[in-house]
Amino acid sequence: MVTSRSALSRNQIVTGLRDLLGDAAVVTDEAALKAASVDRFKKYMTVHGIFQGPMPAAIVRARSTDDVARVLNFANEHLINVVPRTGGTATEGGLETIVEDSIVLDCSPMNAILNIDTENMQATVQCGVPLQALEDAVRALGLTTGHSPQSKPIAQLGGLVATRSIGQFSTLYGAIEDMVVGLEAVFPGGQVTRIKNVPRRAAGPDIRHIVIGNEGALCVITEVTVKLFRFYPENHRFYGFLMDDFAASVDALRQLVTAGYRPSVCRAYSPQDARQHWDWSGDKNVVVLVAEGPKPLADATAQAIEELFATIPHQPVDPQHIQHWFDNLNWGQDKVDAEKADMLANSRLGYTTEVSVDWSRAGELFSRVMSRVEREFPRFADLTMLGAHSSHSYQTGTNLYFVYDYEIHCDPSEELHEYHVPLNAIIVEEALAVGGSMVHHHGVGKYRTPWVRQEHGSAYVLLEGLKRAFDPKGIMNAGTIFPVEGFHDPLQGLHRS
Ligand SMILES: Cc1cc2nc3c(=O)[nH]c(=O)nc-3n(C[C@H](O)[C@H](O)[C@H](O)COP(=O)(O)OP(=O)(O)OC[C@H]3O[C@@H](n4cnc5c(N)ncnc54)[C@H](O)[C@@H]3O)c2cc1C
């Protein structure tokens, strides 16, 4: 736990917030505070009702940019830690309130779609709009945002921008940083900043990137404008291929992408990972591709896929299997609830760690992680699955998304340190060792922070400078991205409590 630096007591903080925004906006219910003290990084302890704290002083439900500005002004004046929240699907501890008497600033009530501009192909929304709601609204007009993370039914635009999220169709449409046209954000002290919507600018460094990916550690995103694209579902072409070798499967993606083709979905699954999605994949790797867009473009992409695989040994998969899988891939509340029930009933769970790597070292990274886990992870026998897939590809490389399932043979309060933390550490360390990035799209949160200096090397000074410049009193989401003494131990990574 990190001690509060505020001169105000917990009760005084709550009273101050009620004076600012009214009683109805300030939640102090014990169960809600416990749930707000963690995110999915601690999902196993959460289902067992174990909350090691500290609990936030209050959850404040913001209804407007002005509400956000007033709360940040109050927090800055009184040195109170603020953790912004929208959809609550964070997986890396970004929502954890590690400082006592924090404020959780819940922006999900800011959920208005403000404008859909079909001529300039952009939509402006408040930060609490669920992506699914925006996608449904633009689909009714024959358009798409092109953004489709698996958490689309629940995640909201503020959090999606704050974490640098990416969706299943990224090879064609890009990741969220390619989609954001402009935005509004509030900085500590309550300063409201609007980055206007323009097609491109060369007016100095791109200041959108101070905000995109800040994970609530610099500012609160209140409004977002994203691009829109025409949607042509009638032209979608689904492909699946079974292959013998994981590195060769990833190399097939490389050949397609570096040749200039942009299949919207572009994935390669190792056999272990594939088996949890498809009961027909056996000991094979599975490559999944989708061609989409205007018909001549989708046809050209489809032709390139077919020509490439005519030169690669494989077994084809019925495209209907792939389409059916896509139609059921996303996670709404039903799947979150089913996972909770399974954790409780069967003492098991699954986690993921996603990293990125150059094409030339992707196969090596996969092998290094698989063999190091087998060699070094003391609870290897409890793993029921360890595998990976490549799901987002670029001209210069790809991501590897490691997936691990295990049975838990320890007290629930020890699960993180016995299983998830050491497995996550091996993957992060190996990614850095082969010159890759320690995080591809889930954000740093609080649990990859121990490696953030190593990730950025001599450029860390730039990142640190942003914190000093925009959050000089250090009130924004302490421990996220930027290490905090008392929580992150510079020599050993994480303190155990
Ligand atoms: C089942 C499942 C599937 C997932 N699939 C994907 C996927 O395919 N692709 C992907 O990229 N991610 C995925 N994620 C991770 C997660 O959904 C993303 O990180 C998402 O962007 C978080 O959005 P949210 O609205 O839930 O944010 P939250 O969980 O509320 O917050 C996430 C982080 O952003 C900060 N934050 C939230 N709102 C704001 C704001 N308005 N201003 C500033 N900071 C803010 C928080 O403090 C926190 O650090 C998945 C998660 C789950 C549980």
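Predicted model: local features only at pLDDT ≥ 70, side-chain atom pairs only at ≥ 80, totals over all residues.
Visitor: Is threonine 91 buried or exposed?

Guide: The way to decide is to count other C-beta atoms within 10 Å, and a residue with 20 or more is called buried. Threonine 91 has 20 such atoms, so the answer is buried.

Visitor: How many Å apart in space are threonine 91 and glycine 443, C-alpha to C-alpha?

Guide: Along the sequence, threonine 91 and glycine 443 are 352 residues apart. In space, their C-alpha to C-alpha distance is 8.4 Å.

Visitor: Which element gives the largest share of the shell around the ligand?

Guide: The ligand is surrounded by 37 residues, and the closest are Gly87, Gly94, Gly158, Gly159 and Gly216. At least two residues of the shell come from each of β3, α6 (157–162) and β10 (220–227). The largest share is four residues, and the element that supplies them is α6.

Visitor: How many residues of the shell around the ligand are charged?

Guide: Sorted by class, the shell has 14 nonpolar and 20 polar residues. The charged ones number three.

Visitor: Which element gives the most to the side of domain 1 that touches domain 2?

Guide: Here 27 residues of domain 1 are in contact with 24 residues of domain 2. On the domain 1 side, α4 (65–78), β3 (82–85) and α18 (460–470) each supply at least two residues. The element that gives the most, with seven residues, is α4.

Visitor: Which residues does isoleucine 103 touch, not counting those up to four places away in sequence?

Guide: Isoleucine 103 belongs to the largest nonpolar core, which has 119 residues. Together with Val60, Leu105, Val161 and Ile221, Ile103 touches the most other members of that core. Not counting residues up to four places away, isoleucine 103 touches Leu17, Pro56, Ala57, Ala58, Val60, Val71, Ala75, Ile80 and Val82.

Key
Residues numbered from 1 in each chain as written. Contact = placed C-beta atoms within 7 Å. Core = buried A, V, L, I, M, F, W, Y, C linked by C-beta atoms within 7 Å. Buried ≥ 20, exposed ≤ 12 C-beta atoms within 10 Å, placed from the backbone. Near = placed C-beta within 6 Å. Nonpolar A, V, L, I, M, F, W, Y, C, P; charged D, E, K, R; others polar.
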